[in-house]
Amino acid sequence: MRLIETLVLRRPQLILLLLLLFGASVVGASQARRPTNAHPSQGDSAFARWVEFKSKEGKFTILFPDAPKVRTPDDDEPIGGLLMYYATYQSSIKYSAIYIEYPENLEAPVVAKDVLDRARDAGIAASAEAQERPRILSETDINFEGHPARLLRIAMSGGRSTWCKFIVVKNRFYFLEVVLPKPHGKTSGDEATKIARFFLDSFRLTPETA
C-alpha cells in the first residue's frame with residue numbers, strides 16, 4: 001500500500017512530465033508538417049538499412065531509419081526529481097523512444113495500470129491542447145517480455161495518426177511513438193503501417209534490465 005501512496009504523491013510530477021513529453025512530440029510533429037503530405041522516404045521502408053540505436057542509460061535497443069538525435073538526463077533539468085532520456089528521428093515520419101526513471105518499482109498490477117492509464121490520458125490531453133483533435137482508434141493491453149505494456153493507435157487532424165507503445169519495466173516507464181503523415185492510397189497506408197510496426201517491434205530490453 002505504501003508504494004501506491006508514494007505514487008499518488010508523485011502523480012502531479014508524473015502528469016506534468018508526461019504532458020511535456022507528449023506536448024513536445026505533438027508540437028514537433030506539427031512543425032515538421034509539410035505543405036503536401038509526403039510519402040515515407042525510401043530509407044524508412046528499406047528495413048535492411050535501418051541502424052540499431054543502443055541506450056546504455058535506458059538499457060534498451062531499438063532500430064531507426066538513421067541515427068537519431070539524443071537527449072540524456074544531463075541535458076535537461078529533472079522534473080520532480082524524475083529523469084527523462086529520449087532519442088528521436090524525423091523524416092516524413094517522426095520516431096521517438098523515451099524513458100522516464102522512477103525511484104519506485106511500478107510493476108505492481110494496480111500501479112502499472114494507473115501509470116498506463118495516465119500516460120494515455122496525458123497524451124490525449126496534450127494532443128487536444130495542440131488542437132490535433134485526437135481520437136483513439138484502438139487500445140490493447142499487452143505483455144512485453146513479461147512486463148505490462150499497452151499499444152494505442154490514435155487518429156489526429158489532417159489525416160495523420162500516431163502509434164504508441166507504453167511499457168513498464170521495474171522502475172522505468174518506456175514510451176515509443178511513431179507519428180505518420182496522411183496516407184495517399186492503400187499502398188501508402190499499408191507501407192506506413194508496416195513501418196510503424198517495424199519500429200515498435202524492434203524495441204528490445206538489454207539483459208540487465210529484463
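**Briefing: aromatic pairs, burial and confidence**

Trp 50 and Tyr 95 are both buried. The model is predicted. Mean pLDDT for the protein is 78, and 72% of residues reach 70 or more. The protein has 4 helices and 10 strands.

**Aromatic pairs**

- The structure holds 17 aromatic pairs.
- One of them joins Trp 50 and Tyr 95: the ring centres are 5.7 Å apart and the planes stand at 85°, so this pair is edge-to-face.
- Trp 50 lies in the loop between α2 (42-45) and β1 (51-55), while Tyr 95 belongs to strand β5 (residues 94-101), so the pair ties together parts 45 residues apart in sequence.
- Each of these two residues, Trp 50 and Tyr 95, is buried.

**Charges over rings**

- Arg 153 places its charged end over the ring of Trp 163, at 5.4 Å from the ring centre.

**Thr 88**

- Thr 88 is located in strand β4, which covers residues 83-90.
- Is Thr 88 buried or exposed? Its relative accessible area is 19%, and buried means under 20%, so Thr 88 counts as buried.
- Setting aside neighbours within four places in sequence, Thr 88 is in contact with Phe 64, Pro 68, Lys 69, Tyr 95 and Ser 96.
- Tyr 95, one of these contacts of Thr 88, is also the ring partner of Trp 50.

**Fold and packing**

- Along the sequence the pattern reads α-α-β-β-β-β-β-α-β-β-β-β-α-β.
- Of the 210 residues in the protein, 49% are buried.
- Among contacts with a separation of 6 or more, 59% are between residues 24 or more positions apart.
- The accessible surface comes to about 10,400 Å². Carbon and sulfur atoms account for 53% of that surface.

**Confidence**

- Over residues 1-12, pLDDT stays under 50. The model has 19 contacts beyond four places in sequence for residues 1-12.
- Residues 26-40 also have pLDDT below 50.

Conventions. Residues numbered from 1 in each chain as written. Predicted model: local features only at pLDDT ≥ 70, side-chain atom pairs only at ≥ 80, totals over all residues. Heavy atoms only, no water. pLDDT = per-residue confidence, 0-100. Contact = heavy atoms within 4.5 Å. Phe/Tyr/Trp six-rings, centres within 6.5 Å; stacked < 30°, edge-to-face > 60°. Helix = DSSP H or I, 4+ residues; strand = E, 2+ residues; numbered from the N terminus. Buried < 20%, exposed > 50% of the residue type's maximum accessible area, 1.4 Å probe, protein only. Lys NZ or Arg CZ within 6 Å of the ring centre and 35° of its normal. Areas by Shrake-Rupley, 256 points an atom, 1.4 Å probe, with all protein chains shown as cover.
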